[in-house]
Each structure stands twice: as structure tokens, then as C-alpha cells.
Amino acid sequence: MTEAINTASVAIARPTRRRRRLDIRPAVFLTPFIVLLGVFTYWPLIDTVYLSFMKLNTNAPASFVGLNNFRGVLDNSQFHDAAINSLTYVFVSIPLKVLLPIPLAVFIWTIGERAANIYKSLLFLPTLLSFVVVSIVWIWLLNPVMGLFQSLIRPFGLQMPALLSDVGTAIYVIIGVGAWKLIGFNVLLYLAGLSSIGRDYIEAMRLDGAGDWTVLRRLIIPLLSPTIFFVLISTVVFTIQQVFTPIDVMTEGGPLNATTNLFYVVYQYMFQSFNVGFSAAGTVILFVFLGALTVFKVLVLEKRVHYS
Amino acid sequence: MLKLSRPWAATGQIVLFITGLSIALPLLLVLGTSFKPANEIYAGYPWPLNPTFDNYAEVFDKLPFGAYLFNSAATTTLRVSGQLIIALLAAYAFARYTFRGRGLIFALVLGAMMIPHQLTFLPVYLLVNKLGWFDSWAALIVPNLAMPLAVFLLRQHLLSFPRELYDAASMDGAGELRTLWSIVLPNIKPVMAALTIVLFVDCWNEYFWPLVVTETENAMTAQIGVRRFLDAERGDDLGPLMAAVTLISLPAVAVFVLFQRQIINTFVSVGIKG
């Protein structure tokens, strides 16, 4: 097709324009990146869809099985648990990781610069630590036999419950650990949003006799809303993707699938049951979910950008 | 800036102090425990009375931890360098030239920014195995060399770059690579530095991919090594475990201590979360 276009343009275009068309320099510069992107991002995306319709056999060639993998996954109780847990992860995370940082950011915004800088650095620290490190630290702190919290409450005759091996509490521990890692970063995102709010507005409201609460509700929250939305979406995406590490390090999806999520079951299908078809089908379902989220984000964020 | 009324300001101070403490305290305890001799580990007080490096020595005794650290350091260096070079070339092409299909190709770059590895790992894993790259540095480096985010950021900076500079360079007879090296690069040093740090932290802390493609000390990274150590000991060897945890956190924290402000700004503007 490109050849046809080129021959056509040769006939019409003047020689100078033709030379520009044939400029290969941008192609040379782009080739490494485009090839890598094709081989390791776009082709795998398509291949995953293909694999989701196939059954891979060790000795025989792969065979087409239609929607069997999807049926199998959707009938699988592990997958049900994972889907429900994914919703729990997302919804419990929102007040903790999206809303709680707002007052923290406002407080930092209103204290002196030196203290603010100390808090900013401190809050940023967990962003730099790997999730493996964070998970291990919390496994130790919460350990019911020799954990730190246990040694703190032992003198009072109290016993630390085994939060991570309890079906009812394990998922909340993982959400809490994720929050510990993420809250500070979200505070910094909010501070970036706050820094663009003009002093004049606030002083004008003050002159009209507005108290802290009114300023917060009528001015700061509305002006911060694009940031809030951005934090919300990126936190949801983070919660779906990054929570893999604490799940794998702290509970491996257990006890009784209580902490597994959609991405973790996809991993388990592949590396524990060695069922490529199931894993691919699960990935496709995850993709639809993440894709919808991304489209939503682009649509709403675009709108916001035009408003401001 | 907003000045809060007294009760609110006081509440703020207390809330921030508690938040700060809840971040600092666990980290200080980890650091303290990593220096505790064996007989103090389970004692009630948090700080080592007779600090020792024994735990650190033990990490290297019990595990091929040197090999893990070497794998991490080498693959991170190679991968980040590769990512930067490849992204810079691509960004330069986007910013400097008009060509057929530029809009479409750039849309593919933007699209790739939104595709997480979790959605593509399966075929890439099968491919890596087919190529015989399992448990090798190549498996850690090559599939991750194209970094759309880096192209996006660098392109933005190159677009604001005055065209006259390019023209002057080519009039002086400088070739493309020469222009890139002696005109473009010196002018985008701050962005490159910031990007390097973000990519470095991202790669150093990576978990999922090295977990599935490495198996032995040939390629296993420090993060996975520490995780295996946790499995093997299940917390019985707390001192060495905390020493290992401290060791693998050190590089990122050290860079942070050196360039605090810039790093925070970069991470926030990029919107990356570790």
C-alpha cells in the first residue's frame, strides 16, 4: 500500500517534496523503539486474545476450543473469589488511599515551609521502597508470635491475633499495607494540585467572613476536583495491578482464596496449574475491565482539562 | 496559602505527627533490628544495644546475595541505559521531523503507556522461553527496553527546543548523531537525570517479571532473592532478613537523600507509583 502511495505522489509532487517523503532518518531513529513495542507490547496483546481461544498441549499442536476457556474461568470458584476480592480491594482502598490523603495534604499545605518539607520527604519514602520490602516489614510487625506489635502488647497480657491467616482479616491487612505505601504519594499529588490555588481567592473569601470549613468546601475541594479524579483513577489502577506483590509475598492468595485478585489468579492459572488457555482468558477479562477504566479516565480527564 | 484557625491547626499538627511517625517508626525499627546481635533480636527494646554487622555478613553467607545484587545492578544499568537511548532516538524523530504516519505511530506510543505488563506477560513469557532466554539477563532486559513513558516525556521537552539550534547544527555540517550528542543532550540533562532515577527505581524494585523469568543465581534479582530467603526462613532469621531488606532499599534511598526535591517533583509530575 505504501508503495502505491509513493508512486502516486512521485507523479504529482515536485522533486523537493519527493525527497522529503523519502527521508529515511526518522524511520531509522524510530525503528528500535517501534520493533520492541510491536514484539513485546502489541503483538502479545493480540496473541493473548488468540491464546484465550486455544488449548495448548505439550505434545500435540494447539487446538481451537472456542469459548471453553472463558466458560471454564467463569465457572471457576477461584475466579469468582478473585473477582469479588478485586472489588473489595478497589472499594475499601478509595476512602483510605484517595480521601484520607486530602486532609493530610491540606494540613501540610498550611504549616510552615520547613516542617512541610520534612513531612513531604518522609511521606515520599515508602514510594521508593519496593513492595517486597514493605510486605516483609509488615509480616514481621504483625507476626503473632514474635512480631513487634506482639512484644508491645504482651506486657498488658494481650495477644496479637493472626491477622494474615484469618479469612476475615487478611485482605484488609493487604489493603492497609498498600495504603501505607501509597498514601504519602497521593498526598504529594494533592499538594501539587493545591499549589495552583491562588491566595487571592482565599483572602477574598476570608474578607467575606468565611471560616476554614467553608473555604475548604466551597473553594479548595471544587478546585482540587480534577486532581481528586486523577488520584482516584490512578489509585484504582494501582490497586488492581500493584497489589500482586503484597499478595504473593504475604499470603499467596490465601487463606482459602481470601486475598487473591484477578491478576493473581491469572498468574496462578499459568504458573501453578500450567493452564495457558485459562490464564489467557482471565487476562482478556482483566483487559476489558482495565480498558473500560482507561476509556473512562481519558473521557473525563479530557473534559476537565478543557474546563480549566 | 491557607491559614487555619487554631483548633484546626493543632489538629493538623497532631495528625501529621502521627502519620509521620507511622511511616518513620517501622523503617527505623527495621534498620535497628538489622544491627542487633542474635541475643537482642527478640528482646523488647527496639534499638540495638551492641550494634553489629553480623546480620549483614550472614546474608552473604547463607545466600548467593552477592550474585543477586550483581544481577540487579547489572541488568538495571543495562536496561535503563537501553531504555534511555532508544527512547531518546524515538523522541528525537517525533520532535524533529514531519513524516507520514507520525500521528498514528505516536498514538501507538500513547496507547502502550496504558497497557500494563500484566496484560502482555503470557505471550512474552512463552517467547522468552522459546528463545532460550529463561533465567538469563536477556529475559530481564530485552522485553522491557521500549519505555513509552520516556518517549512521551522526552518528546515534550524536545518540542519546546528552538528549531534554530537544529538548523544551525546542520548548517555547521553536524550529522544527526553529532547533533543529538552535542546539541540536544546537553540541553536536556535535567530531564534525562530525572528520567534515569524514575526508570532506575522502577527497574530495581520490579517484582512480577523477574519472579517468573528467573530461577537461579544466573539471573535472579535481589528482590526475588530476599523473597526466597523469607520463604526459606519464614521469619526465623529475623536479623539477616532485616539486613537484606535494608540492603536492597539502600540504593534508591541513597539517591533520594542526594536529590530530594528534584526526585519528588519528577515522580509527582510523572505520576508513577512504585
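**Conventions.** I number residues from 1 along each chain as its sequence is written, and I letter chains from A and number ligands from 1 in the order in which they are written. Since the model is predicted, I take local features only at pLDDT of at least 70 and side-chain atom pairs only at pLDDT 80 or more, while totals for chains, interfaces and linings use all residues, and side-chain values use heavy atoms, with hydrogens and water left out.

**Confidence.** I looked up pLDDT, the predictor's confidence in each residue, from 0 to 100. Chain A has a mean of 85, with 90% of its residues at 70 or more. Chain B has a mean of 88, and 96% of its residues reach 70 or more. Helices here (H or I, at least four residues) are DSSP runs numbered from the N terminus, as are strands (E, at least two). In chain A, residues 1-15 stay under 50, and the model has three contacts for them beyond four places in sequence. Contact means heavy atoms within 4.5 Å. For the complex I noted an ipTM of 0.90 and a pTM of 0.88.

**Interface.** I counted 92 residues from chain A and 91 residues from chain B in the contact. About 8,500 Å² is buried between the chains, 78% of it on carbon and sulfur atoms. Buried area is the accessible area (1.4 Å probe) that two parts lose on being put together, summed over both.

**Salt bridges.** I used the rule of a side-chain nitrogen of Lys or Arg within 4 Å of a carboxyl oxygen of Asp or Glu. The search of the whole structure gave nine salt bridges over all chains, and the rule finds three across the interface of chain A and chain B. One pair I looked at is R25(A) with E176(B), at 2.8 Å from N to O. That pair runs between chains, from helix α9 (residues 176-187) of chain B to helix α3 (residues 25-51) of chain A. I also noted R227(B) with E252(A), whose closest N and O atoms are 3.0 Å apart.

**α8(A) on α1(B).** The axes of α8 (residues 131-142) of chain A and α1 (residues 6-34) of chain B come within 11 Å and cross at roughly 85 degrees. I therefore describe the two helices as roughly perpendicular. Axes are lines fitted to C-alpha atoms, for helices over the stretch in contact, and angles run from 0 to 180 degrees between N-to-C directions. Angles under 35 degrees count as roughly parallel, over 145 as roughly antiparallel, 65 to 115 as roughly perpendicular and the rest as oblique. From α8(A), V137(A), W138(A), W140(A) and L141(A) meet P26(B), L29(B), V30(B) and T33(B) of α1(B). I sorted the residues of this contact into seven nonpolar, one polar and no charged. Ala, Val, Leu, Ile, Met, Phe, Trp, Tyr, Cys and Pro count as nonpolar, Asp, Glu, Lys and Arg as charged, and the others, Gly among them, as polar.

**α13(B) on α14(B).** The axes of α13 (residues 238-258) of chain B and α14(B) come within 5 Å and cross at roughly 110 degrees. That makes this pair roughly perpendicular. I listed V255(B), F256(B), V257(B) and L258(B) from α13(B), and Q260(B), I263(B) and I264(B) from α14(B).

**L69(B).** I found L69(B) in helix α3 (residues 65-96) of chain B. Leaving out residues up to four places away in sequence, L69(B) touches F60(B), W204(B), A222(B) and I248(B). L69(B) and W204(B) are 135 residues apart along the chain, with C-alpha atoms separated by 10.0 Å.

**Backbone.** I noted a cis peptide bond between G254(A) and P255(A), with omega about -15 degrees. P255(A) sits in the loop between α13 (244-251) and α14 (262-271) of chain A.
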